[in-house]
Amino acid sequence: MKTTHRADTVPVSGLSIYDLVHLGIFEDGVLAEIELIYRNILLGGEPGAGKSVALNNIVAHCALCPDVSLWLFDGKQVELGLWRDIADVFVGPDIDMALHRLEQLQSEMDRRYTELKRVRRRKIAKTDPIDVIALVIDELAMYSATMGSKDQQEAFVRLLRDLVARGRAAGIIVVAATQRPSADIIPTSLRDLFGYRLAFRCTTDSSSDIILGRGWATQGFNAATISPESRGIGYLISEGLQPRRMKSAYLTDAHIYSLVEYARQLRTKKAA
């Protein structure tokens, strides 16, 4: 988690997934920016707390990166639907298609590791002629606990855990969000694999800890104490550090429509 003390003009035409991703601002006035390449991020919080606002900031960055293949999973087809036209893959409330796409990603991950082994490398680099794949899942519970059979739900979690655990060095980034931060939705074995975790207002102390981990609620980092009126306020934690209170930058629908059109132009130029 890196910090900057002033906001420079962003070279929009030159965004890369290897650049810092802007999320908002910390309570001390420092910009909240994360190095998402070779990382994954988990977001959680009750409906209306600001999870989707933060998620849209991440998707916006990825959309404006010609070096990113954007895979969007949205069980409700509401939050990520505005980005659908420029997504390389879009999966709605279809557990069979979700499993098919995760299996495809797993195969691609294995193929990339075979190639890295051949050239005696540990991870992909910015100079490689290969896209980073950003897998963005909004409302994780729809696929892991609501739709389909128990076997399908378990298969989804198993595939996702493998991608989160092994995908980073192969250029597969997972961004997952849920309105139901509970142990059955986010098992500890899955949560702890996310290098970044962002907790917005939760209903209970345990829900906050399910996202942040390590019993942070008893140490004063408790998303359950965030006021319902404080939309977009959350605690961001990265590996080895304490959580930091931040406020997400806000993108209106009009902003998103403009960004989608610009992203379309960037991706058209890349394909030409």
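The model is predicted, with local features needing pLDDT of at least 70, side-chain atom pairs counting only at pLDDT 80 or more, and totals for chains, interfaces and linings using all residues. Residues are numbered from 1 along each chain as its sequence is written, and side-chain values use heavy atoms, with hydrogens and water left out.

Me: Why is Gly234 called buried?
Reply: Buried means under 20% relative accessible area, exposed over 50%, and partly exposed in between (1.4 Å probe, protein chains only). Gly234 has 0% relative accessibility, so it counts as buried. This glycine lies in strand β10; helices (H or I, at least four residues) and strands (E, at least two) are DSSP runs, numbered from the N terminus.

Me: What does Gly234 touch, not counting residues up to four places away in sequence?
Reply: Taking contact as heavy atoms within 4.5 Å, Gly234 touches Leu198, Ala199, Phe200, Ile226, Arg244, Arg245 and Met246. The C-alpha atoms of Gly234 and Ala49 are separated by 8.5 Å, although these residues are 185 apart along the chain.

Me: How do you know that the span of helix α7 agrees with its number of residues?
Reply: The expected span is 1.5 Å times one less than the number of residues. For the 19 residues of α7 (residues 253–271) that gives 27 Å, and the end C-alpha atoms are 27 Å apart, so the two agree.

Me: What makes the buried residues of α7 line one face?
Reply: The buried residues are Ile256, Val260, Ala263, Leu266 and Arg267. Seen down the helix axis they fall within an arc of 130°, so they line one face of α7; the arc is that of the directions from the helix axis to the C-beta atoms. Their cover includes α1 (51–63) and β5 (68–74), while Ala254, Tyr257 and Lys269 are exposed on the other side of α7.

Me: Why is strand β7 called largely enclosed?
Reply: In β7 (residues 132–138), 7 of the 7 residues are buried, so the strand is largely enclosed by the rest of the structure. Val132, Ala134, Val136 and Asp138 point one way, and Ile133, Leu135 and Ile137 the other.

Me: How do you know that β7 pairs with β5 and with β8?
Reply: Two strands pair if DSSP finds at least two bridges between them. Between β5 and β7 there are 7 bridges, and the strands run parallel; β7 and β8 (residues 172–178) also pair in the parallel sense, over 6 bridges. Val136 of β7 has Leu72 opposite it, and Val136 also stands opposite Val175 in β8.

Me: What makes helix α6 largely enclosed?
Reply: Of the 8 residues of α6 (residues 205–212), 6 are buried, so the helix is largely enclosed by the rest of the structure. Its buried residues, among them Ile210 and Leu212, pack against β4 (41–44), α5 (188–191), β9 (196–200) and β10 (233–238).

Me: Why are Arg120 and Glu139 worth a look for phi?
Reply: Most residues other than glycine have a negative phi. Phi of Arg120 is near 60°, a positive value, and phi of Glu139 is near 60° too. Arg120 lies in the loop between α2 (95–118) and β7, and at 80% relative accessibility it counts as exposed. Glu139 lies in the loop between β7 and α3 (140–146), and at 4% it counts as buried.
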